[in-house]
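The sequence and structure come first.

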Amino acid sequence: MLNKFQKFYYSKILGKKYYRTGHCLGCGRCCKKIYVKHAKGIIQDEKEFEQLKYQHRFYTYLKVIGKDETGLIFECTNLDPETHKCKIHKTRPGICRRYPQEELFSMGGSLSEDCGYKMEPIIPFSEVFLTIQKKSQPKKKNFWERLLKNK
Ligand code: SF4
Ligand code: SF4
């Protein structure tokens, strides 16, 4: 659970809606079905992807394994198919170290049910609900003002 300062920092300074809890269980699932997003959106064709390879080493690790309604699906060639572990774990790119981030949701992705991480909303729904409820309640002062006006 985040304290007040953390909530403020994540939501107001960093502009985040979710924060990460839990830890990696090393199942390797997130290295097997990957979408790639760039400035124009999620990569849809291989030509587009070839250009990205010059921008970051992470892209050079990926190979296309399919396509669906969201876009091209990649798998990382650094994933050991037998152990399901990353072969370059110590030198893996920052994007892998920071996984999962909330951008995952904006890409139409989701965490696998077995993933050891969870993405929790920074402001829990119960808090949002209470704030809305408080705002929608007429203030006592207004009530007395209305009462006096009606007299
Ligand atoms: S899916 Fe989750 S638990 Fe599995 S390797 Fe990826 S981050 Fe770790
Ligand atoms: S570099 Fe390692 S951690 Fe990153 S996607 Fe590939 S196998 Fe997974």
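I65 counts as exposed because 12 C-beta neighbours lie inside 10 Å, and the cut-off for exposed is 12 or fewer. The model is predicted.

**I65 and its contacts**
- I65 is located in strand 4, which covers residues 62-67.
- Beyond its neighbours within four places in sequence, I65 contacts I73, F74 and E75.
- For I65 and E75, which are 10 residues apart along the chain, the C-alpha atoms are separated by 6.4 Å.

**F74 and the nonpolar core**
- I65 is also among the contacts of F74, together with I34, V36, L62, K63 and V64, when residues up to four places away in sequence are not counted.
- The largest nonpolar core has 5 residues: I43, Y61, L62, L72 and F74.
- In soluble globular proteins, nonpolar side chains tend to be buried together.

**Ligand 1**
- The shell around ligand 1 includes C24, L25, G26, C27, G28, R29 and C30.
- Sorted by class, the residues around ligand 1 are 7 nonpolar, 4 polar and 1 charged.

**Ligand 2**
- Around ligand 2 are C31, Y61, C76, N78, L79, C86, I88, R92 and C96.
- This shell of ligand 2 consists of 7 nonpolar, 1 polar and 1 charged residues.
- Y61 is one of the residues around ligand 2 and is also part of the largest nonpolar core.

Notes
Residues numbered from 1 in each chain as written. Chains lettered and ligands numbered in written order. Predicted model: local features only at pLDDT ≥ 70, side-chain atom pairs only at ≥ 80, totals over all residues. Near = placed C-beta within 6 Å. Nonpolar A, V, L, I, M, F, W, Y, C, P; charged D, E, K, R; others polar. Core = buried A, V, L, I, M, F, W, Y, C linked by C-beta atoms within 7 Å. Buried ≥ 20, exposed ≤ 12 C-beta atoms within 10 Å, placed from the backbone. Contact = placed C-beta atoms within 7 Å. Helix = DSSP H or I, 4+ residues; strand = E, 2+ residues; numbered from the N terminus.
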